[in-house]
Amino acid sequence: MKCEYCEIIEREGKAPILYIDEEMVVAIKDKVMAPGQITIFPRKHYTILELVPELLVAKCAVVANKVSMALFESLGCQGTNILISNGLAAGQSVPHFGFDIIPRIEEDKVGLLWEGKQLNDDEFEITLRALIEDVKKTQAEKAKKVEKQAVADAAAAEGASAEVVGKGVKVIDEASSKGSDEKVNGEAKASGETGTKGKVKSQSVPPLVRNIRRIP
Amino acid sequence: MAEKEMTDEQREALAAKLRSMTPEQIAQLQKEQCIFCKIVAGQIPSKKIYEDQIMIAILDINPAARGHLLLIPKNHYMIMPHVPDGEMAHLFVVAQKLSESLLRTLKVGGTSLFIANGQVAGQRAQHVILHVIPRREGDKVLDFTDKLISADMVHKVEMAVKPTFYKHLGLGGDDAPKESDTANAKMDSDESDGSHVPLEPDAPRPEPAAYKEKSAPSDDVEIVKPARKTAAKKGAKGSSGSANSKEDVTDVRANTPTAPKRKDDDVSLDDIANLFK
């Protein structure tokens with residue numbers, strides 16, 4: 001295996017692994033911007049961000065925040081950066097997607113800066129329009145997919161699971177009205193077990209938003 | 001994004017006022033002063049390309065490159081540790097989608113996702129921002145240099161970070177995973193104790209007790225397969241095998257234990273999987 005990250009998983013002894021499970025690895029590389037830099041990467045070999053399943057991105061993001069907190073406490077750094085270098089043009093050096101968490105202290109000469117540019121209004125306008133269009137298209141496509149799936153699910157799941165759907169919807173309502181992440185966890189688990197189909201409730205809020213909110 | 005300059009007098013007056021306020025009042029004041037909260041509220045105009053219940057995405061008006069996006073949580077969080085896990089996850093999932101949009105519309109070869117957490121890390125705003133920046137080769141954006149650090153240093157980092165990291169993950173209590181396999185056994189007993197020392201008062205953590213009731217200990221054991229130790233593939237290193245062999249890169253890294261058992265709160269990620277089906 002040529003990929004450095006896959007090698008880390010295979011060999012395990014080369015780069016210390018802080019944490020590993022079926023989906024994700026947290027490791028310490030020796031080629032870093034600053035000592036203490038930690039890398040989180042999926043166990044499976046995804047090359048770029050766009051190919052990684054949303055779930056995994058979500059998990060890595062949450063864990064990245066925890067790593068950052070741990071770095072503050074254990075290394076006494078004064079700041080942290082989270083960086084995803086996505087694609088060769090972005091300086092991605094390993095063809096395997098990863099999150100880098102970099103501890104920062106004053107005058108560490110790590111860099112990671114940029115100079116703000118002044119663009120004229122036309123350029124902004126063009127970019128703005130193009131992106132808004134693209135976002136709309138993506139959301140429309142997703143909504144169509146979700147609807148199709150819902151129709152298929154509803155057709156398949158008539159009768160016995162109607163009760164389950166009802167329960168699921170109720171739990172989601174309770175959960176969203178509470179607003180606090182911690183309390184929601186207990187219910188999130190319950191709704192995960194029973195009401196996966198119940199989430200196609202409110203079309204005004206994309207399901208992604210409602211569900212992600214419940215990650216503890 | 002420069003804040004107004006204050007005279008020394010004004011600074012004094014503000015400091016005195018802050019001392020007399022409750023944390024809630026201070027939080028409210030921060031929110032009122034925060035440019036990005038004003039943008040979120042629509043009080044300051046912005047070039048918005050995306051919005052949902054949790055966040056907005058706008059074009060940076062002083063960008064690193066055309067298409068530089070700022071992803072801003074609607075709630076006011078000054079630093080990243082304050083951001084709840086759900087919102088953190090959501091920010092990055094949306095960032096993934098917007099990164100794809102950038103690749104498509106701007107035809108660039110890559111994007112950088114970046115959070116500056118703390119002033120020394122480059123944070124200039126009093127509000128957590130996730131940057132999504134379109135990248136081109138040679139653009140002099142987010143430049144960095146990699147250095148090779150010694151095996152000794154890597155080991156030190158591991159020993160320093162691991163216990164705290166595990167505490168934040170909710171794995172194990174005071175006992176740091178030691179360098180042997182017996183450590184895993186110890187962690188198991190910690191888990192079943194249910195004796196978790198809550199660390200950060202404001203870090204959103206799931207209620208351990210709730211999860212304990214819902215899954216038997218044996219579930220944890222089944223979920224995770226310990227990482228298999230294949231025959232040592234010594235020899236060709238990956239891309240990091242550069243000529244700087246000043247550092248002593250030995251293979252004496254016997255410290256990595258086998259895969260730790262997944263804790264109950266990780267079960268919540270399964271339920272995310274269910275929600276996504």
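Is Cys3(A) buried or exposed? At 9% relative accessibility, Cys3(A) counts as buried. The cut-off for buried is under 20%. Keep in mind that this is a predicted model.

Let's stay with the cysteines. How many disulfides does the structure hold? Over all chains, the number is 0. Cys3(A) is in no disulfide, and its nearest cysteine sulfur belongs to Cys6(A), 3.8 Å away. Remember, a disulfide is a covalent bond between the sulfur atoms of two cysteines. Now look at Cys60(A). It sits at 0% relative accessibility, so it counts as buried.

Next, the overall fold. Chain A has 6 helices and 6 strands. Along the sequence, the order is α-β-β-β-β-α-β-β-α-α-α-α. Chain A has 216 residues, and 54% of them count as buried. What about contacts? Take those between residues at least 6 apart in sequence: 58% of them join residues at least 24 apart. And the surface? Chain A exposes about 9,600 Å², with 55% supplied by carbon and sulfur atoms.

Now find helix H2 of chain A, residues 54–75. H2 has 22 residues. From first C-alpha to last, H2 reaches 31 Å, close to the 32 Å expected at 1.5 Å a residue. Why do we call H2(A) largely enclosed by the rest of the structure? Because 17 of its 22 residues are buried. Just after H2(A) comes Gly76(A), with a positive phi of about 65°.

Note on methods. Residues numbered from 1 in each chain as written. Chains lettered and ligands numbered in written order. Predicted model: local features only at pLDDT ≥ 70, side-chain atom pairs only at ≥ 80, totals over all residues. Heavy atoms only, no water. Helix = DSSP H or I, 4+ residues; strand = E, 2+ residues; numbered from the N terminus. Buried < 20%, exposed > 50% of the residue type's maximum accessible area, 1.4 Å probe, protein only. Contact = heavy atoms within 4.5 Å. Areas by Shrake-Rupley, 256 points an atom, 1.4 Å probe, with all protein chains shown as cover. Disulfide = S-S within 2.5 Å. Expected span 1.5 Å × (residues − 1).
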